[in-house]
Amino acid sequence: MPKYFFHIRRNDVFEEDPEGIDLASSELAFEEATAAAREIVAERIRMGNRANGDTFEIMTEDGSLVATVPFRSAIRLD
(Lines give C-alpha, C1' and ligand atoms only; values in the text may rest on other atoms or scores of the structure.)
Protein backbone atom coordinates (compact mmCIF):
# COMPACT_ATOMS: atom_id res chain seq x y z
CA MET A 1 0.00 0.00 0.00
CA PRO A 2 1.44 3.42 -0.90
CA LYS A 3 2.38 5.94 1.77
CA TYR A 4 1.14 9.53 1.49
CA PHE A 5 2.52 12.54 3.33
CA PHE A 6 0.34 15.49 4.27
CA HIS A 7 2.72 18.45 4.36
CA ILE A 8 1.31 21.84 5.32
CA ARG A 9 2.19 25.07 3.56
CA ARG A 10 1.40 28.19 5.59
CA ASN A 11 2.40 31.34 3.71
CA ASP A 12 6.16 30.88 3.22
CA VAL A 13 6.49 28.16 5.88
CA PHE A 14 6.58 24.48 4.91
CA GLU A 15 5.78 21.97 7.67
CA GLU A 16 6.83 18.48 6.68
CA ASP A 17 4.83 15.41 7.70
CA PRO A 18 7.58 12.98 8.80
CA GLU A 19 5.33 9.95 9.28
CA GLY A 20 2.82 9.80 6.45
CA ILE A 21 -0.05 7.35 6.24
CA ASP A 22 -0.63 4.19 4.22
CA LEU A 23 -3.66 4.50 1.96
CA ALA A 24 -4.89 2.47 -1.00
CA SER A 25 -5.17 5.36 -3.47
CA SER A 26 -4.56 9.03 -4.11
CA GLU A 27 -8.34 9.55 -4.02
CA LEU A 28 -8.43 8.26 -0.44
CA ALA A 29 -5.47 10.52 0.40
CA PHE A 30 -7.42 13.51 -0.95
CA GLU A 31 -10.47 12.54 1.14
CA GLU A 32 -8.29 12.10 4.24
CA ALA A 33 -6.65 15.51 3.72
CA THR A 34 -10.04 17.17 3.26
CA ALA A 35 -11.36 15.63 6.49
CA ALA A 36 -8.20 16.61 8.40
CA ALA A 37 -8.37 20.17 7.06
CA ARG A 38 -11.99 20.38 8.20
CA GLU A 39 -11.02 19.28 11.71
CA ILE A 40 -8.11 21.74 11.89
CA VAL A 41 -10.27 24.64 10.69
CA ALA A 42 -13.02 23.75 13.19
CA GLU A 43 -10.51 23.69 16.05
CA ARG A 44 -9.06 27.04 15.00
CA ILE A 45 -12.53 28.58 14.90
CA ARG A 46 -13.26 27.20 18.39
CA MET A 47 -10.02 28.76 19.64
CA GLY A 48 -10.76 32.11 17.99
CA ASN A 49 -7.83 31.82 15.60
CA ARG A 50 -7.55 32.51 11.89
CA ALA A 51 -9.14 29.61 10.03
CA ASN A 52 -7.82 29.72 6.48
CA GLY A 53 -4.68 30.29 4.46
CA ASP A 54 -3.05 26.88 4.90
CA THR A 55 -2.81 24.16 2.28
CA PHE A 56 -2.08 20.45 2.47
CA GLU A 57 0.43 19.28 -0.12
CA ILE A 58 -0.10 15.55 -0.52
CA MET A 59 3.06 13.76 -1.63
CA THR A 60 4.11 10.18 -2.20
CA GLU A 61 7.23 8.56 -0.73
CA ASP A 62 9.21 9.43 -3.86
CA GLY A 63 8.32 13.12 -3.45
CA SER A 64 5.71 13.32 -6.21
CA LEU A 65 3.00 15.88 -5.58
CA VAL A 66 -0.38 14.13 -5.78
CA ALA A 67 -2.70 17.02 -4.88
CA THR A 68 -3.05 20.24 -2.97
CA VAL A 69 -5.95 20.82 -0.62
CA PRO A 70 -6.48 24.41 0.50
CA PHE A 71 -8.03 24.34 3.96
CA ARG A 72 -10.72 26.82 2.86
CA SER A 73 -11.90 24.30 0.24
CA ALA A 74 -12.78 21.85 3.04
CA ILE A 75 -15.53 24.01 4.50
CA ARG A 76 -18.77 25.43 3.15
CA LEU A 77 -19.95 28.82 4.26
CA ASP A 78 -23.18 29.07 2.26
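Is Arg-10 buried, partly exposed or exposed? At 27% relative accessibility, Arg-10 counts as partly exposed (buried means under 20% relative accessible area, exposed over 50%, partly exposed in between, with a 1.4 Å probe and protein chains only).

## Ground rules

This is a predicted model, so local features need pLDDT of at least 70 and side-chain atom pairs count only at pLDDT 80 or more, while totals for chains, interfaces and linings use all residues. Residues are numbered from 1 along each chain as its sequence is written, and side-chain values use heavy atoms, with hydrogens and water left out.

## How the strands pair up

Let's start with strand 1, which covers residues 3-10. Two strands pair if DSSP finds at least two bridges between them. Strand 1 runs antiparallel to strand 4 (residues 54-60), with 7 bridges between them. Strand 2 (residues 13-15) is also an antiparallel partner of strand 1, over 3 bridges.

Arg-9 has Thr-55 as its bridge partner in strand 4 and Phe-14 as its bridge partner in strand 2. Tyr-4 sits opposite Ile-21 of strand 3. The hairpin of strands 1 and 2 has 2 residues between the strands, and Asn-11 there takes a positive phi near 55°.

## A charged network

Side chains of opposite charge can pair when their charged atoms come close. A search of the whole structure turns up 5 salt bridges (a side-chain nitrogen of Lys or Arg within 4 Å of a carboxyl oxygen of Asp or Glu). Arg-10 has a salt bridge to Glu-15, at 2.2 Å from N to O. Glu-15 counts as partly exposed because its relative accessibility is 35%. Arg-10 also forms a salt bridge with Asp-54, where the closest N and O atoms are 3.0 Å apart. That pair links distant parts of the chain, with Asp-54 in strand 4 and Arg-10 in strand 1, 44 residues apart.

Asp-54 counts as buried because its relative accessible area is 4%. Asp-54 has a salt bridge to Arg-44 too, and here the closest N and O atoms are 2.6 Å apart. Asp-54 lies in strand 4 and Arg-44 in helix 1, so this pair ties together parts that are 10 residues apart in sequence. Arg-44 is buried as well, because its relative accessible area is 16%. Put together, salt bridges with shared partners join Arg-10, Glu-15, Arg-44 and Asp-54 into one network. Not counting residues up to four places away in sequence, Arg-44 touches Arg-10, Asn-49, Arg-50, Ala-51, Asp-54 and Phe-71 (contact means heavy atoms within 4.5 Å).

Just after helix 1, Gly-48 takes a positive phi of about 80°.

## The nonpolar core

In soluble globular proteins, nonpolar side chains tend to be buried together. The largest nonpolar core here has 14 residues, and those with the most contacts inside it are Tyr-4, Phe-6, Ala-29, Ala-33, Phe-56, Ile-58 and Phe-71. A nonpolar core is a set of buried Ala, Val, Leu, Ile, Met, Phe, Trp, Tyr and Cys residues joined through side-chain atoms within 4.5 Å. Strand 1, helix 1, strand 4 and strand 5 each supply at least two residues of this core, and helix 1 gives the largest share, 4 residues.

Leaving aside neighbours within four places in sequence, Phe-56 has contacts that include Phe-6, Ile-8, Ala-33, Ala-37, Val-69 and Phe-71.
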